[in-house]
Amino acid sequence: MSVIRHESQQYATPAALAAETVTPTNNDEVHVESLNRRFNWLEGSTSTADNKYVIDQTSQTANGRWA
């Protein structure tokens, strides 16, 4: 089942975020505890994921990245 983001969600690690099936929309926000950083979903982003500043979502319905 997909999760629609309406508020900032927290994840322990980038891997935990990438492993979840989500339906992000532009500017959705998440917080990654291990990095102590917030990430916004940027629709259409093709930036290379490094799991520090850019996180690639494994299962998604839209093209984009967490940055």
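**View 1. The side chain of Asp 28 and the backbone of Thr 25.** In this predicted model, a polar atom of the Asp 28 side chain lies 2.9 Å from the backbone nitrogen of Thr 25, where a polar contact is a pair of N or O atoms within 3.5 Å, one able to donate a hydrogen and the other to accept it within protein, and residues adjacent in sequence count only if both atoms are side-chain atoms. Asp 28 sits in the loop between strand 3 (22-23) and strand 4, and with a relative accessible area of 9% it is buried, a class that means under 20%, as against over 50% for exposed and in between for partly exposed (1.4 Å probe, protein chains only).

**View 2. Asn 36 in the loop between strand 4 and strand 5.** Although Asn 36 is not a glycine, its phi is positive, at about 50 degrees. Most residues other than glycine have a negative phi. The loop that holds Asn 36 runs between strand 4 (29-32) and strand 5 (37-43), and the residue is exposed there, with a relative accessible area of 61%.

**View 3. Asn 51 in the loop between strand 5 and strand 6.** A positive phi of about 55 degrees is found at Asn 51, which is likewise not a glycine. Asn 51 belongs to the loop between strand 5 and strand 6 (64-66), and its relative accessible area of 41% makes it partly exposed.

**View 4. The whole chain, its elements and their confidence.** The protein has one helix and six strands, arranged along the sequence as β-β-α-β-β-β-β; helices (H or I, at least four residues) and strands (E, at least two) are DSSP runs numbered from the N terminus. The average pLDDT, the predictor's confidence in each residue from 0 to 100, is 85, and 85% of the residues score at least 70. Among the elements, strand 4 has the highest mean pLDDT (94) and strand 1 (residues 3-4) the lowest (58). Where pLDDT is low, the predicted coordinates should not be read in detail.

**View 5. Burial and surface of the protein.** Of the 67 residues, 31% are buried, and the accessible surface, from the Shrake-Rupley method with a 1.4 Å probe, comes to about 4000 Å², of which 46% belongs to carbon and sulfur atoms.

**Notes to all views.** Residues are numbered from 1 along each chain as its sequence is written, and side-chain values use heavy atoms, with hydrogens and water left out. Local features in this predicted model need pLDDT of at least 70 and side-chain atom pairs count only at pLDDT 80 or more, whereas totals for chains, interfaces and linings use all residues.
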